[in-house]
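Work through the exercises below with the sequence and the model at hand. Each task is followed by a worked solution.

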Protein chains: 2
Amino acid sequence: MTEQAPTQHNLGNLAINPGRLWDDIMETAAFGATAKGGICRLTLSEEDREVRDWFKARAESLGCRVTVDNMGNMFARMEGSRTDIPPIAMGSHLDTQPTGGKFDGVLGVLSALEVLRTLREAGYETYAPIEAINFTNEEGSRFAPALIASGVFGGVFDRAYAVAQKDRSGVTFGDALDTIGYRGPERCGDHPLSAYFELHIEQGPILERENCDIGIVTGAQGVRWFDATIIGQDAHTGATPMTMRKNALVGTARMIDAIDQIAKRHPPHAVGTVGSIESKPNSRNVVPGETFFTIDLRHPDHATLETMEVEIRTAWDATLRDLDLSGTLTRIWEQPPVAFDKGCLDAIRRATARTPFTRRDIVSGAGHDAVYVSRVAPSAMIFAPCKDGISHNEAEFSSLDQCGKAAQVLLLSVLEYDRQLAAAE
Amino acid sequence: MTEQAPTQHNLGNLAINPGRLWDDIMETAAFGATAKGGICRLTLSEEDREVRDWFKARAESLGCRVTVDNMGNMFARMEGSRTDIPPIAMGSHLDTQPTGGKFDGVLGVLSALEVLRTLREAGYETYAPIEAINFTNEEGSRFAPALIASGVFGGVFDRAYAVAQKDRSGVTFGDALDTIGYRGPERCGDHPLSAYFELHIEQGPILERENCDIGIVTGAQGVRWFDATIIGQDAHTGATPMTMRKNALVGTARMIDAIDQIAKRHPPHAVGTVGSIESKPNSRNVVPGETFFTIDLRHPDHATLETMEVEIRTAWDATLRDLDLSGTLTRIWEQPPVAFDKGCLDAIRRATARTPFTRRDIVSGAGHDAVYVSRVAPSAMIFAPCKDGISHNEAEFSSLDQCGKAAQVLLLSVLEYDRQLAAAE
């Protein structure tokens, strides 16, 4: 125990510095800055190396030890009073979409850094070690699939598979790691965590719409992706009576509307979307004879997701039959729903209760590193609101106030969890 | 009057030779033959020159005089007993789509040639001169718009506009005419006709489906083309609740279905089609924020066409309002309905009545040279059935029997019309 022990019982006095966090966000936004105020910082690029070097230097200046695993994941560790228990980690990712914003991922990593800095400045010694993590290739824009490094970390993907993935120019993930000097010695996955807290922008409109400062993310929706092809018959738009048509696009239109209706029948969480569509021959005066489209279905509950799929398949059968069409509807990918750890969520709730911030429970509709990390460590997430729900876009924005409040909750959540660990001793 | 005069009262004895017509169709199919049994004979191409030379030689071998106007339209004239009245013409076009079939257009021109040959062989002298016409660039595949040369002939397009049209490589229509040597001296349009009969494949499924040998084409549908753009808001498919979406593709889907329903509410002639669609950003996990699509609306009656447009605009307003979308719906082109000439139709009816062939009245859903010629001369069309309604496709097919029956009706129609002219003397 150190002199600072008493402050462990007075967490509310510790406060992150929102302006300093904001400055970090703006400073790192220069690495890959775009003309429109966004960031293009593809994973394992030169810009990624720059921001990684920056992160490493800042963490080391706080007295942290920075280690890297063999997927390029970075761990900045600040020791606690106990060196024999796994760290409580915070983190997210520093890579961006090709026309990404300044906050997606970045907010989580830089808030983690701000938390470490706040603790260091306050002379607050935690019970467990505390870490800030930067996960490699969350976005998946350069190397598919997304979340590949937290996926290896969480045992979802095999590392050999991951490092062999190629970008569009044929460079492998492994070679790209070497090129920027971020293939570390630690085997990815050999890094136990006592807990993992990820702060992220919501990437949706709910918090802003409801004037909520904090989203307490109870889990992540299950996702099912489908590919659909409908086959009809090309025909002349003028010479083919309505009764003799096999119009693949009309069938597709009915499915698009049906999927929208089905999702709306399971409020408030269900979402269903046809995001991509192609029609052939796509000519003004030819009845479309073939279409391809995608379906994205999400719900936090497995049973409801299953019900939605059944309802969609029922609508599919009826549509094809009514319009004399044929086709295939194939589920190409599934991610089961994730419920975040109760202990982590309790810590976030207690932390939030120490603040005057408005908050609500929310389910993540997007994938995040925490989803994979949750397979190997107690995990939960905190959402900050973002303007108009816009993300993966140079216009992405959260205010200094919004970022600061969320980072404060991250700090208090970690300390709450740490206190719980100490109490359980 | 000649020795053959009595045969004018016994038209039924005159018969075209279906096998000879079929041989001509197969022989000319070599000019631009594709591997899959179709034809690629773009207008004013080298292949087009070859088939034109062939047509000219065959017509001249029958004693016809072949003239060419300054749009490349070819007129093969067989004199009748009266040289001071305009010819009764038959015809269509010899150009094809890039992957066109052997019958679209070709059947009309080669049947006209077969009619001339039949008359010559029988020693039958008509009252009026008889002509076989080959119109330039019916398809519009190389030079837009389609029907450009019959359009100049019918006073719809200005010749200066037409010859300035460029293909994708920048060659003008006028230069292409010169290159193949088919810019004739006659001013296009200075070629009066007593009547014009066009035999064409149906390009739709009605005749085949009803086992009809002959379609008596009473007119051409009016056509209205629209461009539509719907604006919503791009959003994350996972993070955006159904109630907060502005999904442009769902709005488009409702319109596609509505247009289909509206056309079906005006049977049997109304057709309505969305042939082309684009969705942005067209990504699997982004709610579509913008769409573009086309509408093709046809009906033989102006009032019904107007009603359908009103119904579509009503559905449009409701859809945008219900889904919180905005957009523009613009009519970009209109072709009024055409009613073919009663005298020509009577001639076709009398001709068909002389045969045992099954027949029905039909309205052309596609555009044809006869539509523009009808502006300056009494005109009508005869349809032959084609397999599965397929056209603009290498698989396009009409049988020897189907082609022969239709060509026989063409022969008799011309002679009926000719007899009418003689009787009116």
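**Exercise 1: the nonpolar cores**

Task: find which residues touch the most other members of the largest nonpolar core.

Solution. Of its 96 residues, Val115(B), Leu116(B), Phe197(B), Ile382(B), Leu410(B) and Val414(B) touch the most other members. A nonpolar core here is a set of buried Ala, Val, Leu, Ile, Met, Phe, Trp, Tyr and Cys residues joined through C-beta atoms within 7 Å; buried means that 20 or more other C-beta atoms, placed from the backbone, lie within 10 Å of a residue's own. Helix α12 (residues 400-423) of chain B gives the largest share, 11 residues; helices are DSSP runs of H or I, at least four residues, and strands runs of E, at least two, numbered from the N terminus. Apart from this core lies another, of 94 residues, including Tyr372(A) and Leu415(A).

The model is predicted: local features need pLDDT of at least 70 and side-chain atom pairs 80 or more, while totals for chains, interfaces and linings use all residues. Residues are numbered from 1 along each chain as written, and chains are lettered from A in the order written.

**Exercise 2: the two chains**

Task: state how chain A is laid on chain B.

Solution. A turn of 180° and a shift of 0.1 Å along the axis give an RMSD of 0.1 Å (least squares on C-alpha atoms of residues with pLDDT of at least 70 in both copies). This is therefore the relation of a two-fold axis. In chain A, Ala253(A) has the C-alpha nearest the axis, 2.1 Å away.

**Exercise 3: the contact**

Task: determine which element gives the largest share of the side of chain A that touches chain B.

Solution. Each chain, A and B, gives 50 residues to the contact (C-beta atoms, placed from the backbone, within 7 Å). On the side of chain A, α8(A) gives the largest share, 9 residues.

Definitions and conventions. Contact = placed C-beta atoms within 7 Å. Buried ≥ 20, exposed ≤ 12 C-beta atoms within 10 Å, placed from the backbone.
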